[in-house]
Structure formats: C-alpha cells, structure tokens
Amino acid sequence: MNPTIEQTRAAASVDRTIQLIAQGATTGEACTPDLAKAPWEFDAGPAGYGPGSSMGDVIPTGSPRQGALPEAYRTASNDDLHARIRAAKATLGDRVVVLGHFYQRDEVIEHADFVGDSFQLANAALSRPDAEAIVFCGVHFMAETADLLSTPEQSVILPNLAAGCSMADMADESSVEECWEQLESVYGDLAATDADGRVPVIPVTYMNSSAALKGFVGRHGGIVCTSSNAKTVLEWAFERGQRVLFFPDQHLGRNTAKAMGVPLSQMPMWNPRRALGGNSSSDLDDARVILWHGFCSVHKRFTVDQIAAARESHPGVQVIVHPECPMPVVDAADAAGSTDFIVKAIQAAPAGSTFAIGTEINLVQRLAAEYPQHEIFCLDPVVCPCSTMYRIHPGYLAWVLEELVGGRVVNRITVPADVADPARLALERMLAAKPAPVGRVAPNARIETPDAGVDTLAGARFSTDESGA
Ligand code: SF4
C-alpha cells in the first residue's frame with residue numbers, strides 16, 4: 001500500500017526526527033539538543049547563527065537580527081499555524097508567492113508554491129509577475145537575488161532576518177576590496193591586458209554571496225557562478241583573465257578547477273587576515289585560481305570515513321555529494337553535483353537503488369520519503385541541519401503572511417540601486433556564458449555540470465539547468 005501524504009511528510013520531517021531524538025523516542029543523535037528548541041528562543045540571545053551546522057562559526061558584527069516574533073505566533077500550536085498560513089494564502093491569492101528552498105524544513109515546504117535551489121526559485125518568482133510579495137523561505141543572499149531579478153513593485157520578504165548564511169558571510173565586501181588592492185600591488189594595473197587580451201585576474205563569486213559581492217565582480221569585469229555552471233564560468237573567466245579570484249567557497253572552486261585539470265599547486269588559498277592572503281608574490285604570480293578561505297559548514301561535515309562506512313554497510317551503494325564538500329570527499333564519491341543533479345540522479349535510477357547523499361539533511365530525508373522504491377540516506381549519521389535555513393519556522397511564515405493580509409510589509413529585503421546594477425551585470429554575464437566545445441575539458445573531469453543555460457535575464461528565466469546550491 002502506498003504511504004499517505006501525511007505518512008510521507010512525517011517520514012521526511014527533520015524537525016520531527018529532532019523532537020523524537022530529544023524525547024528519547026528514537027535512536028539517533030542530533031549535533032546539539034538546542035535544535036529541539038523553537039527558533040525564536042535564539043532571536044533575543046547573543047548574536048549567532050543558531051543551533052545546527054554553523055553554530056561554531058563566528059558571525060560578523062552587525063549581521064541582521066530578527067526582532068521579537070509576536071507572542072500569538074510563539075504560543076500557537078503547529079496545527080493552528082498551518083491553518084493560519086493556509087487562510088492567509090487563500091486571502092492573498094495571486095498577490096503572494098511563497099518560495100521554499102530544498103533545505104527548508106518540511107513544515108515550511110508544504111506551504112511553498114515553488115521548491116528548488118536559490119537560482120531556480122528567484123527565476124520561478126518571475127513566472128508570477130502579478131505577485132506583490134515574494135516570501136522567500138531560504139536565506140538572506142537568496143532573498144537579495146530574488147530582489148535583483150524582481151520588479152521594483154514587488155517586495156521580497158525573508159520571514160526571519162536572522163536566516164543569513166555563514167559561508168556567504170565569510171567573504172565581506174571590505175575584505176574582498178582589500179584583497180583586490182593587494183593583488184594590484186602584485187600584478188600591477190588590473191585592467192591592463194596581455195598579448196592575448198587577458199587581464200591579470202578575473203573575480204568570480206559563487207551565487208552564495210551577498211549582493212554587494214555580486215556588485216563587486218560586476219564592477220571589476222567578473223561574473224557569478226552556481227554549483228551547476230562553475231566549469232563554464234571558469235572557462236569564461238580563463239578566456240578573459242590569466243587567473244581567477246574565486247570566493248567565497250574554496251571547495252567549489254578547488255573541486256571545479258581540479259576537474260578542469262588545474263594543478264593544486266596553482267590554487268593558493270587567500271586568508272583575508274594575512275598579508276597577501278598568506279602567500280608569496282611568486283605563489284600569486286604562478287596562480288591560476290586564488291581560492292578564498294570560505295566554506296559551507298553543512299558540507300564540511302561530510303568525510304571520507306563516512307563514505308567508507310556507507311560502502312561497508314551498504315555494498316553497491318552510490319555515493320553522491322555536493323561540490324561544496326571538501327576535495328577528498330568529492331574524490332572518494334561516485335559522483336558530485338548540485339542539488340538539482342542529485343535530485344535528477346535519484347529520479348533516473350532503477351527501483352531498488354541505494355544512495356548515500358552528502359548534502360543538507362532536509363533534502364535527503366525528503367528524497368527518501370518521496371522515492372520509497374530506493375534506499376536513500378544521509379552520509380552523516382548525526383542530524384545537523386543548516387543552522388540558518390532552520391531559523392525559518394511556520395510561526396514566522398504565518399506572521400509575515402498575516403501582516404501582508406493587514407496591508408503591512410515586514411522583513412523586506414532591498415538591494416540598493418548602486419549595488420543592484422553591477423550585480424545584475426554579473427548575473428547577465430553568467431547567463432550569457434556558454435559551455436566550451438567538447439574536448440576543451442580535461443578527460444578526468446568528474447563534477448557533473450549540465451551547463452545548458454538560458455540566454456538573458458529578460459527571457460524565460462526558469463531553468464533547472466542553472467541550478468545552484
Ligand atoms: S547550506 Fe551552507 S551555503 Fe547553504 S545556506 Fe546553509 S551554510 Fe549557507
């Protein structure tokens with residue numbers, strides 16, 4: 001007998017799993033007992049990312065804080081919150097669109113009009129131009145990207161302002177500006193071209209970065225990439241520059257460049273707290289890809305030992321990891337690719353397949369529930385969701401929607417025009433970048449990058465092939 005929708009939801013819910021672990025009602029381990037608390041308990045406490053994978057990361061001073069959630073939402077039962085969300089959405093109708101990132105808890109996803117990765121969702125919102133409000137259940141940089149792509153009349157709302165991203169925060173604009181000045185001291189005029197028409201360095205920022213950094217790369221001849229198109233974007237950059245400055249995720253940069261044949265010896269790391277990033281001038285002269293010292297604390301949890309354990313306990317298992325994982329993990333896996341790649345690999349597999357997945361647990365548990373014909377489990381046996389995604393709870397969603405019903409926009413995310421214009425330019429360059437002809441990439445390339453894109457920001461912009469994290 002097929003499972004009911006309720007059974008599927010219950011099986012998929014990471015929140016429910018965490019509560020059961022806290023009650024001792026199931027075996028298993030969470031990375032901190034604080035995950036069982038309501039997210040609003042952390043709104044008023046010391047600044048931090050909250051319980052979960054980023055809880056050990058240092059949050060920058062001045063990061064957005066969420067004000068107090070009204071008591072009515074903090075004390076409401078889950079059933080009441082779900083009923084209020086449904087009622088508010090029914091009242092608002094086409095005036096609102098709710099977007100849910102793959103890594104959101106299931107109790108939020110069930111109210112989403114679109115579910116996907118960050119760039120898919122920003123583009124999905126464009127299919128609803130009449131929506132006055134776009135409620136983005138994701139993290140801060142995603143809401144910024146949605147604001148960049150939406151019309152000025154549309155408001156983009158982040159239900160909990162404390163939902164940032166620790167990796168995006170690891171590269172702030174002033175540190176990157178300082179890095180740029182130091183690179184100028186090594187390479188000379190950064191706008192000067194060599195005999196092949198290439199400048200000394202092209203800046204490339206991952207989609208998982210602030211709008212300010214997208215604006216920075218837009219102003220300096222650079223480009224944005226996603227985890228799906230990083231190879232194409234690096235090729236675009238190498239045609240125009242002798243080397244690349246890649247931020248904020250060292251792992252995506254390293255894994256992608258390595259698959260393209262760039263030797264590790266030509267990928268120095270840039271530590272923003274050290275002079276020349278901790279490198280010598282000759283290291284930087286020889287560099288092909290300068291990697292910013294940033295990482296995702298969700299994907300950093302996956303290890304080669306976990307892969308070995310999965311292979312031992314599940315002979316024949318296919319191990320698929322996200323390219324934000326460290327290089328040894330990507331090397332030990334059977335495949336690496338974006339969330340969209342992972343979803344499609346599972347969809348395409350014959351019934352009875354077994355998968356160990358190295359990405360955020362909310363997506364993994366949802367896939368396990370949606371594809372019961374396979375055995376799907378998370379590589380990391382400890383339940384540890386993305387801290388900031390987990391700050392969005394149905395209580396906040398009910399609050400922002402009921403405020404909209406009352407004619408009030410709360411938690412609006414707006415990118416200033418002087419940042420938005422160059423940031424859009426960097427996104428336009430990404431969409432215009434085309435994959436290299438067959439044969440341009442080293443034959444040992446392993447990262448799966450579909451790379452078929454859309455052409456302009458003004459056209460049909462929802463493409464699963466431009467997926468990000
Ligand atoms: S999963 Fe990693 S990159 Fe994505 S929002 Fe969480 S910390 Fe940021």
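Which residue in β8 is the bridge partner of isoleucine 202? I looked it up, and the partner is valine 244.

**Ground rules.** I number residues from 1 along each chain, following the sequence as written. The model is predicted, so I take local features only at pLDDT of at least 70 and side-chain atom pairs only at pLDDT 80 or more, while totals for chains, interfaces and linings use all residues. Helices (H or I, at least four residues) and strands (E, at least two) are DSSP runs numbered from the N terminus.

**Entry 1, the five-stranded sheet.** Strand β6 (residues 202–206) runs parallel to β8, with four bridges between them. Two strands count as paired if DSSP finds at least two bridges between them. I then read off the strand order, which is β7-β6-β8-β10-β9 in an open sheet with parallel pairing.

**Entry 2, strand β4.** Next I turned to strand β4 (residues 133–137), where five of the five residues are buried. A residue is buried if 20 or more other C-beta atoms lie within 10 Å of its own, exposed if 12 or fewer, and partly exposed in between, with C-beta atoms placed from the backbone. In a regular strand the side chains alternate between the two faces of the sheet. In β4, one side has Ala133, Val135 and Cys137, the other has Ile134 and Phe136, and all of these are buried.

I checked the neighbours of β4 as well. Strand β2 (residues 96–101) is parallel to β4 and joined to it by five bridges. Within that pairing, valine 97 has isoleucine 134 as its bridge partner. Strand β5 (residues 155–157) is also parallel to β4, through three bridges, and serine 155 in β5 stands opposite alanine 133.

Which residues touch the most other members of the largest nonpolar core? I found Ile134, Val135, Phe136, Val204 and Ile223, in a core of 142 residues. Helix α19 (residues 417–432) gives the most to this core, namely eight residues. Such a core is a set of buried Ala, Val, Leu, Ile, Met, Phe, Trp, Tyr and Cys residues joined through C-beta atoms within 7 Å. I listed the contacts of isoleucine 134 beyond four places in sequence, and among them are Val97, Leu99, Ala125 and Ile157. A contact here requires C-beta atoms, placed from the backbone, within 7 Å of each other.

Of the 15 residues around the ligand, Cys165, Met167, Cys296, Val298 and Cys386 come nearest. A residue is near a molecule if its C-beta atom, placed from the backbone, lies within 6 Å of it. I sorted the shell by class and got nine nonpolar, five polar and one charged residues. For this sorting, Ala, Val, Leu, Ile, Met, Phe, Trp, Tyr, Cys and Pro are nonpolar, Asp, Glu, Lys and Arg are charged, and the others, Gly among them, are polar.

The peptide bond from phenylalanine 247 to proline 248 is cis, with omega near -5°. I placed proline 248 in the loop between β8 (244–247) and α12 (250–259).

Leucine 276 has a positive phi near 50° and is not a glycine. This leucine 276 is in the loop between β9 (269–270) and α13 (281–286). Is leucine 276 buried or partly exposed? Leucine 276 is partly exposed, because 17 other C-beta atoms lie within 10 Å.

Asparagine 411 also has a positive phi, of about 55°. I found asparagine 411 in the loop between α18 (394–405) and α19. Asparagine 411 is buried, because 22 other C-beta atoms lie within 10 Å.

Key: Two residues are in contact if their C-beta atoms, placed from the backbone, lie within 7 Å.
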